[in-house]
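Let's take a walk through this model together. Keep the sequence and the 3D view side by side as you read.

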Amino acid sequence: MKEIKVKINSRGISYKDLTEDLNIKAKAFIYIIPMPWFRPVRRVSRLYLYKPNEKIGKEKYKYNFVNYFLGWLGLPFGPSFSYNAIKSNKKGIDFTEDFRANIEELDFKKNQLIIKNIVNVFDKLNKSDRKVLIKAFSRYEKKFYSFEVSPIIGLNIDKTEAEIWIGLSKTDYNKKEELLNVIYKYFYKHTIFKIINMGDNSELIEKLKTQGEIIKLINK
């Protein structure tokens, strides 16, 4: 994997604080660069450190300013991308595990993190997207087939454009076209879904298994 250099804003937290308090969090925010007629470019901010139980404050506002006033210019896709980014920024994206797995004192003093090993690749879907996706799954089961194995879903946060990954068993994967047709009756076409055969062997699939969410439908 190529090394990635990320800027850090420690917000007054020292390296000693970091080593003594394992509950310190590292979070980032999403901002959108509009591209009229094309999908906006999704960017992740520098990492901000937060003490335990400390609420996210003004750090998110400058990124949401970009989302509010620039993201909406990128029609037709900008508005929905901006809306999702703003929702994500309410809590921020948690990069604590990746931060702690890669941080070194010398880099910390330079206000930077060099990522050599990515720990977290997948995040949870926001509540509204999750709810709609479950509706799509239920409709698919009623119209076509019941899932052999409960699907696993996760938002790939290691991508410039947000991708919703759906992990299926080999049998269910062979019917992915029918599933996608149903899903896109609930989502706009610019929402990217990637359906994965969980029987394949790869590092990303293993991460989806551990970091994704298993969706157990009511009728299963």
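At what angle do helix 2 and helix 3 pack, and how far apart are their axes? Before the answer, a word on the ground rules. This is a predicted model, in which local features need pLDDT of at least 70 and side-chain atom pairs count only at pLDDT 80 or more, while totals for chains, interfaces and linings use all residues. Residues are numbered from 1 along each chain as its sequence is written, and side-chain values use heavy atoms, with hydrogens and water left out.

Now to the helices. Helix 2 covers residues 61–69 and helix 3 covers residues 78–88; they pack at about 160°, and their axes are 9 Å apart. Helices here are DSSP runs of H or I with at least four residues, strands are runs of E with at least two, and both are numbered from the N terminus. The axes are lines fitted to C-alpha atoms, for helices over the stretch in contact, and the angles run from 0 to 180 degrees between N-to-C directions. The angle therefore makes helix 2 roughly antiparallel to helix 3; angles under 35 degrees count as roughly parallel, over 145 as roughly antiparallel, 65 to 115 as roughly perpendicular and the rest as oblique. Their crossing is left-handed, a label used when the near helix is turned anticlockwise from the far one by less than a right angle, with right-handed for clockwise.

Which residues make this contact? Helix 2 contributes Asn64, Asn67 and Tyr68, and helix 3 contributes Ser82, Ala85 and Ile86, where contact means heavy atoms within 4.5 Å. By class, these are 3 nonpolar, 3 polar and no charged residues. In this scheme Ala, Val, Leu, Ile, Met, Phe, Trp, Tyr, Cys and Pro are nonpolar, Asp, Glu, Lys and Arg are charged, and the others, Gly among them, are polar.

Is asparagine 67 buried or exposed? Asparagine 67 counts as buried because its relative accessibility is 0%; buried means under 20% relative accessible area, exposed over 50%, and partly exposed in between, with a 1.4 Å probe and protein chains only. A polar atom of the asparagine 67 side chain lies 3.0 Å from the backbone oxygen of isoleucine 30. Setting aside neighbours within four places in sequence, asparagine 67 is in contact with Ile30, Tyr31, Ile32, Trp72, Ser82, Ala85, Ile86 and Asn89.

Next, look at strand 4, residues 41–44, where you will find valine 44. With a relative accessible area of 34%, valine 44 is partly exposed. Leaving aside neighbours within four places in sequence, valine 44 is in contact with Ala28, Phe29, Ile30, Tyr31 and Phe95. In the loop between strand 3 (30–33) and strand 4 sits proline 40, which is buried at 0% relative accessibility. Proline 40 and glycine 78 are 38 residues apart in sequence, and their C-alpha atoms are 6.1 Å apart in space.

Arginine 11 is partly exposed, at 28% relative accessible area. Asparagine 53, in the loop between strand 5 (47–50) and helix 2, also has a positive phi, of about 65°, without being a glycine. Asparagine 53 is exposed, with a relative accessible area of 80%.

Helix 6 (residues 127–143) and helix 8 (residues 176–183) pack at about 130°, with their axes 9 Å apart, so helix 6 is oblique to helix 8. The crossing of helix 6 and helix 8 is right-handed. Leu133, Ala136, Phe137, Arg139 and Tyr140 of helix 6 meet Glu178, Leu179, Val182 and Ile183 of helix 8, giving 7 nonpolar, no polar and 2 charged residues.

Our last stop is isoleucine 196 in strand 11, residues 192–197. Isoleucine 196 is buried, at 10% relative accessibility. Not counting residues up to four places away in sequence, isoleucine 196 touches Trp165, Ile166, Gly167, Leu168, Tyr173 and Ile205. From isoleucine 196 to phenylalanine 65, 131 residues apart along the chain, the C-alpha separation is 35 Å.

Conventions. Polar contact = N/O pair within 3.5 Å; in protein donor to acceptor, adjacent residues only side chain to side chain.
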